Amino acid sequence: MNYESGVMAEKGDPITVDFDPDEDERLEKRRTDRRRILIIAGLIVLGLAIAAYFAMRGGTTTPAGEENAQAPTVTVVRPGRTTVEGEITATGSLAARREMPVGVVGEGGRVVSVPVDAGDWVSQGQVLARIDRSVQSQQVQSFSAQVQVAQSDADLAQANLDRALQLVERGFVSQADVDRLTATRDAAVARVRVAQAQLAELRARNARLDILAPAAGYVLERNVEPGQTVSAGSPPLFRIARGGEMELLARLNEDALASISPGTRAQVRPVGTDKLFTGQVWQVSPIISEQDRQGTARIALSYAPGLRPGGFATATIASGTVVAPILPESAVLSDEDGAYVLIINGEDKAERRAVTTGTVTSKGIVIAEGLNGSERVVLRAGGFLTEGETVRTQLAELDD
């Protein structure tokens with residue numbers, strides 16, 4: 001809608017002016033768009049200015065005091081060097097140090113009794129099993145009678161000789177008769193000795209029918225029962241550990257085998273128990289297996305109920321002393337590249353240091369290579385630090 005209003009010109013003639021409201025709205029919209037464009041452009045310019053400022057400021061160095069104020073604090077230790085008794089850990093199987101298989105030494109026969117069982121202690125010469133000897137007993141009586149017969153013949157021959165010697169002085173018996181009687185007497189005496197030897201042999205054979213313990217020891221196995229028939233070709237009926245002594249056959253590589261010698265002390269822990277048994281190396285294998293490049297160290301052990309031949313055990317063998325740093329387990333890290341620790345260098349930055357670990361003691365892990373003991377080593381949470389990261393340190397003391 002147009003509105004008309006009268007406006008007087010200078011000469012007094014009226015001038016007609018038309019007013020359009022839509023035109024005013026379009027003008028206002030243009031002014032608003034221009035302001036918006038100007039604001040956006042200003043913000044863009046401001047952003048570019050800020051980016052340029054930080055880009056130019058990035059080449060400058062942050063003051064050390066401000067950087068350290070924002071750095072994390074870590075606990076470090078100086079491990080020093082400690083004298084540690086060297087140890088070698090090995091595994092192996094338990095066995096009797098001197099195992100004695102006991103079998104039939106005589107002609108054998110039917111077993112009538114077995115007075116011992118596995119787990120018993122026996123003395124030297126103790127009967128382990130008895131063999132039926134009813135037939136052999138009759139043979140002993142027969143041979144004993146033969147000895148008596150031979151002895152009677154020898155006594156008669158001696159009496160005849162004595163009488164002949166009395167008559168030879170009177171001339172009733174010739175010297176030839178004396179010689180003949182003497183020979184008869186000597187033959188009779190020899191037959192007595194033969195009969196006695198045969199009787200002694202039979203008695204010895206009968207004594208071997210019983211299975212006896214060759215030495216005092218601990219019975220490991222019993223493989224015979226009453227009523228069983230045994231012979232000289234039968235497998236061993238008993239296995240005895242002489243003196244009850246045991247041993248651990250520890251398998252070691254060439255380097256470890258070269259560092260120990262007979263007499264070296266060792267601690268043995270059988271699988272399935274926390275008990276430790278003290279022993280010592282009594283023999284080091286003179287050869288190395290070509291298959292696995294290992295040898296055997298034989299560790300002698302006194303008898304104990306927890307030591308069972310055939311069982312598996314772990315041995316800790318003393319191998320001299322070494323002087324090296326010791327770190328708690330929390331300070332030693334590992335990844336695909338091996339064991340390492342994080343140390344803090346002179347610029348208070350974290351630095352990775354590869355190490356070679358040794359034995360594990362009650363105080364911690366022995367560091368065989370990689371540290372001299374004077375470094376500041378991150379005690380814990382090293383896995384959360386980045387190599388090269390600046391930190392603040394707090395020194396802790398290791399327990400003695």
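Colleague: Which arginine lies over the face of tryptophan 282?

Modeller: This is a predicted model, in which local features need pLDDT of at least 70 and side-chain atom pairs count only at pLDDT 80 or more, while totals for chains, interfaces and linings use all residues. Residues are numbered from 1 along each chain as its sequence is written, and side-chain values use heavy atoms, with hydrogens and water left out. A charge sits over a ring if NZ of Lys or CZ of Arg is within 6 Å of the ring centre and within 35 degrees of the ring normal. At 4.4 Å from the ring centre of tryptophan 282, the residue over its face is arginine 97.

Colleague: With which side chain does the side chain of glutamate 247 make a polar contact?

Modeller: Glutamate 247 lies in strand 13, residues 246-253, where strands (E, at least two residues), like helices (H or I, at least four), are DSSP runs numbered from the N terminus. Beyond residues up to four places away in sequence, glutamate 247 touches, among others, Arg97, Trp282 and Arg298, a contact being heavy atoms within 4.5 Å. A polar contact is a pair of N or O atoms within 3.5 Å, where within protein one must be able to donate a hydrogen and the other to accept it, and residues adjacent in sequence count only if both atoms are side-chain atoms. At 2.7 Å, the side chain that makes such a contact with that of glutamate 247 belongs to arginine 298.

Colleague: Is glutamate 247 buried or exposed?

Modeller: Buried means under 20% relative accessible area, exposed over 50%, and partly exposed in between, with a 1.4 Å probe and protein chains only. Because its relative accessible area is 2%, glutamate 247 is buried.

Colleague: Over how many bridges do strand 10 and strand 12 pair?

Modeller: Two strands pair if DSSP finds at least two bridges between them. In one of these bridges, tyrosine 218 has alanine 241 in strand 12 as its partner. Strand 10 (residues 217-222) and strand 12 (residues 238-242) pair in the antiparallel sense, and the number of bridges is five.

Colleague: What is the angle between the planes of tryptophan 121 and tyrosine 218?

Modeller: Rings of Phe, Tyr and Trp (its six-membered ring) pair if their centres lie within 6.5 Å, and planes under 30 degrees apart count as stacked, over 60 as edge-to-face and the rest as tilted. The structure holds three aromatic pairs. In the tilted pair of tryptophan 121 and tyrosine 218, the centres are 5.3 Å apart and the angle between the planes is 55°.

Colleague: How many residues apart are tyrosine 218 and tyrosine 303?

Modeller: Tyrosine 218 is buried, with a relative accessible area of 17%. Tyrosine 218 and tyrosine 303 form a tilted aromatic pair, at 4.8 Å centre to centre and 45° between the planes. This pair links distant parts of the chain, with tyrosine 218 in strand 10 and tyrosine 303 in the loop between strand 16 (294-301) and strand 17, and their separation is 85 residues.
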